[in-house]
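Please look over the model shown below.

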Amino acid sequence: MEPLRVAVIIGSTREGRVGDRIGQWFVSRAAGRDGLELRVLDLVDYELPARYPKSPTPQVTAFAAEVGRAEAFVVVTPEYNRSFPASLKQAIDYAYDEWRAKPVGFVSYGYRSDGVYAVEQLRPVFCELHAVTMRDGVRLDLMHDRLDEDDHAVAAMLDQLVWWGLALREARAARPYVS
């Protein structure tokens, strides 16, 4: 069976961010799992326009193509002011049909709240795009830097992501998704 193509999206573009470190930590944990092809999409590497352009720029086209290629997603998001970053919303909006009928898992982080408010606001956004969000996620409290203690959460989220990813892959192959 072909490996499930999973895009790990690093959602913060702030200077001094820790999202890239958390994303790499997650990838190192997920890389040990058979049947996954992981690709990191770090939003800091894309020069997405601040305003939605009349015609897609090459960077918008490249990002949307990566989203389209992926069969599942893990969004690494901080919590800023009880929500997710504008850079992440902007990137999500630059793709549309590419998200449909695909699963989305979350690795969230923040101070005290573990990024839970960011995830709760992302769920309806992905629902509107006809994506399926995973019940379980990985939540990290930056007050207590204990990345090595969250392997159970990573495994639980990946179990769900793989199940949904394979099921939806088969469903999309059997018949096109329409809304």
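## Around helix α1

The buried residues of α1 are covered by elements that include β1, β2 (36-42), β3, β4, β6 (138-141) and α5 (151-174). This is a predicted model. The buried residues of α1 are Gly19, Ile22, Gly23, Trp25, Phe26, Val27 and Ala30.

Helix α1 runs over residues 19-30, 12 residues in total. Its first and last C-alpha atoms lie 16 Å apart, close to the 16 Å expected at 1.5 Å a residue. An α-helix has 3.6 residues a turn, so residues three or four places apart point the same way.

In soluble globular proteins, nonpolar side chains tend to be buried together. Here the largest nonpolar core has 29 residues. Phe63, Phe73, Leu88, Ile92, Trp99, Leu122 and Phe126 have the most contacts inside it. At least two residues of this core come from each of β1 (4-10), α2 (58-69), β3 (72-78), α3 (86-94), β4 (103-110) and α4 (116-128). Helix α4 gives the largest share, five residues.

## Packing of α3 and α4

How do the axes of α3 and α4 cross? They cross at roughly 10° and come within 11 Å. Angles under 35 degrees count as roughly parallel, and α3 and α4 are therefore roughly parallel to each other. Leu88, Lys89 and Ile92 make the contact from α3. Leu122, Val125 and Phe126 make it from α4.

Ile92 touches Trp99, Leu122, Val125, Phe126 and Leu129, leaving out residues up to four places away in sequence. Ile92, Trp99, Leu122 and Phe126 are among the residues with the most contacts inside the largest core.

Beyond its neighbours within four places in sequence, Leu36 is in contact with Pro3, Leu4, Val6, Ala30, Leu158 and Val162. Aspartate 93 is 57 residues away from Leu36 along the chain, and their C-alpha atoms are separated by 26 Å.

Key:
Residues numbered from 1 in each chain as written. Predicted model: local features only at pLDDT ≥ 70, side-chain atom pairs only at ≥ 80, totals over all residues. Heavy atoms only, no water. Core = buried A, V, L, I, M, F, W, Y, C linked by side-chain atoms within 4.5 Å. Buried < 20%, exposed > 50% of the residue type's maximum accessible area, 1.4 Å probe, protein only. Helix = DSSP H or I, 4+ residues; strand = E, 2+ residues; numbered from the N terminus. Contact = heavy atoms within 4.5 Å. Expected span 1.5 Å × (residues − 1). Axes fitted to C-alpha atoms, helices over the stretch in contact; angles between N-to-C directions. Parallel < 35°, antiparallel > 145°, perpendicular 65-115°, else oblique.
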